[in-house]
Number of protein chains: 2
Amino acid sequence: MTLNELKAIQLAELFSALSDVNRVRIISTLIEKEMNVSDLAEKTQMSESAVSHQLRGLRQMRLIRGRKSGRQVFYSLDDDHVKKLYLMGLDHVKHG
Amino acid sequence: MTLNELKAIQLAELFSALSDVNRVRIISTLIEKEMNVSDLAEKTQMSESAVSHQLRGLRQMRLIRGRKSGRQVFYSLDDDHVKKLYLMGLDHVKHG
DNA sequence: TGAATATATGAACAAGTATTCATATATTAC
DNA sequence: GTAATATATGAATACTTGTTCATATATTCA
């Protein structure tokens with residue numbers, strides 16, 4: 001069973017979404033609890049614009065989702081799958 | 001428990017190693033069986049040089065390891081962890 | 001030893017990606 | 001309505017990464 005081309009591309013895109021330190025920090029933060037953009041920016045030491053750009057990519061990959069509340073948007077992980085992937089990667093890093 | 005800086009970087013590097021279509025194809029191939037560079041090149045439709053460069057990165061990230069036999073080097077996944085990570089990603093892509 | 005083969009590597013270029021800055025949209029409060 | 005705040009986005013620049021080409025190393029065989 002060789003991997004078909006589309007799946008290979010999607011898989012690379014998925015891992016690509018987690019391949020940046022700032023996005024890892026964002027995911028790491030969102031594992032603990034949902035958070036709005038400006039708090040994320042403060043917590044991750046990034047500009048709000050940079051955070052927003054990264055969130056967009058994560059949203060497009062369906063790794064996170066936003067919940068609008070007034071003029072704020074609270075982001076959280078899209079599903080447990082993402083958390084598992086992240087934790088498995090972390091495990092590899094720790095015991096690798 | 002906030003992720004420390006080093007872990008965040010390592011984690012991003014790990015996912016980064018899997019974030020390219022050609023590397024995904026290589027890993028996908030190596031999940032089935034170990035393979036030498038030129039066969040990998042043929043199977044993945046890449047030049048041997050390109051394969052070798054990619055293998056280097058995967059080796060450095062300890063995702064694969066090489067077994068030298070004469071003038072050939074047979075590559076295989078470094079441990080089961082990698083396979084799990086790959087399969088979990090694939091699962092996300094399939095059912096996402 | 002020298003020729004042939006398998007793999008590895010350095011440097012240069014090309015392609016992709018992240019960040020910044022300026023600006024836009026959306027919501028709330030007045 | 002206007003002002004203030006939160007987030008989003010486009011364009012430009014800077015940075016990173018992958019591929020190619022040329023060359024180097026290592027191994028086998030004659």
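The model is predicted, so local features need pLDDT of at least 70 and side-chain atom pairs pLDDT 80 or more, while totals for chains, interfaces and linings use all residues. Residues are numbered from 1 along each chain as written, chains are lettered from A in the order in which they are written, and side-chain values use heavy atoms, without hydrogens and water.

Select A:Phe15 and B:Phe15, which form a stacked aromatic pair with 6.1 Å centre to centre and 20° between the planes; rings of Phe, Tyr and Trp (its six-membered ring) pair if their centres lie within 6.5 Å, and planes under 30 degrees apart count as stacked, over 60 as edge-to-face and the rest as tilted. Because A:Phe15 lies in helix 1 of chain A and B:Phe15 in helix 1 of chain B, the pair joins two chains. Helices are DSSP runs (H or I, at least four residues), numbered from the N terminus.

Next, select A:His92, in helix 5 (residues 80–95) of chain A, which is buried at a relative accessible area of 8%; buried means under 20%, exposed over 50% and partly exposed in between (1.4 Å probe, protein chains only). Leaving aside neighbours within four places in sequence, the contacts of A:His92 include B:Leu14, B:Met61 and B:His81, where contact means heavy atoms within 4.5 Å.

Finally, show DNA strand C, which 22 residues surround, A:Asn22, A:Arg23, A:Gln54, B:His53 and B:Tyr75 being the closest; a residue is near a strand if one of its heavy atoms lies within 4 Å of it. Helix 4 of chain B gives the most to this surface, with 6 residues.
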